[in-house]
Amino acid sequence: MQIENELYAPIRPKRVTRDGESPSDALLRGGIEYIEVRSLDINPFSPVGVDEQQVRFLDLFMIWCVLADAPEMSSDELLCTRTNWNRVILEGRKPGLTLGIGCETAQHPLSKVGKDLFADLRRVAETLDGMTDSQEYQQVCDQLVASFDDPELTYSARILRSMIDNGIGGTGLALAEQYRQMLIQEPLEILTADALQKEHDASWQRQRDIEAADTESFESWLAKKA
């Protein structure tokens, strides 16, 4: 069975729960406090699984989502959107791929739809860059929009090319060793080895204290939650 906290969705509405409160009850009580964006998969070309370019793109896209005209979506429109979503996920690099606009009433090339979106994102990028006198967000737009003309720039194409050349195991081991060497050379900036050991010991002690103070059987606790 799936608990509410593990609802599989690209974006989850969230609110900090009170003690003993379920996520859905918290939302009913106080509404949406924040959202959890889960659309990113792990980036195999980053030692930490996500890079600055991706984070800046999310900044742009989420701001655009707030600003763009977005009337309430019907159930049929949601299904059409999911169809497009699956097309991009499964066939995004396919030459000539089209997306259904207006619930399949018209078909437009993925490259056109993507470039139109990035035209809007660039306007957001110009505003954000203007606040810091930089070009960082606009550079992200330039880098990513190029993938519509050259799909070989996408992460999926790059990892596939590596697996063809080096095998799945060879690709994974090569990246793992590269990141291992990179990360072991990074100094600890906040924590120390001594601090980590102290927290380890304290955590074990807290567990022992909790277990020693626990007098309720598992069956009794489960009956209360049923």
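1. Domains. The model discussed here is a predicted one, and the domain assignment of its chain gives domain 1 as residues 1–39, domain 2 as residues 42–186 and domain 3 as residues 190–225. Taken over C-alpha atoms, the centres of domain 1 and domain 3 are separated by 25 Å.

2. The disulfide. A search of the whole structure finds one disulfide, and the cysteines that form it are cysteine 80 and cysteine 103, whose sulfur atoms are 2.2 Å apart. This pair links distant parts of the chain, since cysteine 80 belongs to helix 3 (residues 75–91) while cysteine 103 sits in the loop between strand 3 (98–101) and strand 4 (106–109), 23 residues apart. The torsion about the S-S bond of cysteine 80 and cysteine 103 is about 110°, and the disulfide is therefore right-handed. In terms of accessibility, cysteine 80 counts as buried because its relative accessibility is 17%, whereas cysteine 103, at 31%, counts as partly exposed.

3. Cysteine 65 is in no disulfide, and the nearest cysteine sulfur to it, that of cysteine 141, is 14 Å away. Cysteine 65 counts as partly exposed at 34% relative accessibility, while cysteine 141 counts as buried at 3%.

4. Because glutamate 36 lies in strand 2 and arginine 12 in strand 1 (residues 11–14), the pair ties together parts that are 24 residues apart in sequence.

5. A salt bridge within a helix. Glutamate 52 forms a salt bridge with arginine 56, and the closest N and O atoms of this pair are 2.9 Å apart. Both residues belong to helix 2 (residues 52–67), where, being four residues apart, they are separated by about one helical turn. Glutamate 52 counts as partly exposed at 48% relative accessibility, but arginine 56 is buried, with a relative accessible area of 16%.

6. Elsewhere, salt bridges that share partners join Arg12, Glu36 and Arg38 into one network.

7. A nonpolar surface patch. Ile11, Ile32, Ile35 and Val37 form a nonpolar patch on the surface, and together they have about 330 Å² of accessible area. One of these residues, isoleucine 32, lies in the loop between helix 1 (23–30) and strand 2 (34–37), and it counts as exposed because its relative accessibility is 56%.

8. A positive phi. Most residues other than glycine have a negative phi. Aspartate 133 has a positive phi of about 55° although it is not a glycine, and its place is in the loop between helix 4 (110–132) and helix 5 (136–145). With a relative accessibility of 74%, aspartate 133 counts as exposed.

9. The end of helix 6. Isoleucine 184 is found in helix 6, which covers residues 155–184, and at 54% relative accessibility it counts as exposed. Its C-alpha atom is separated by 40 Å from that of valine 66, a residue 118 positions away along the chain.

Notes:
Residues numbered from 1 in each chain as written. Predicted model: local features only at pLDDT ≥ 70, side-chain atom pairs only at ≥ 80, totals over all residues. Heavy atoms only, no water. Domains from an automatic or database assignment. Patch = residues over 30% accessible without salt bridge, like charges linked within 9 Å, V, L, I, M, F, W, Y side chains within 5 Å. Areas by Shrake-Rupley, 256 points an atom, 1.4 Å probe, with all protein chains shown as cover. Salt bridge = Lys/Arg side-chain N within 4 Å of Asp/Glu carboxyl O. Helix = DSSP H or I, 4+ residues; strand = E, 2+ residues; numbered from the N terminus. Buried < 20%, exposed > 50% of the residue type's maximum accessible area, 1.4 Å probe, protein only. Disulfide = S-S within 2.5 Å.
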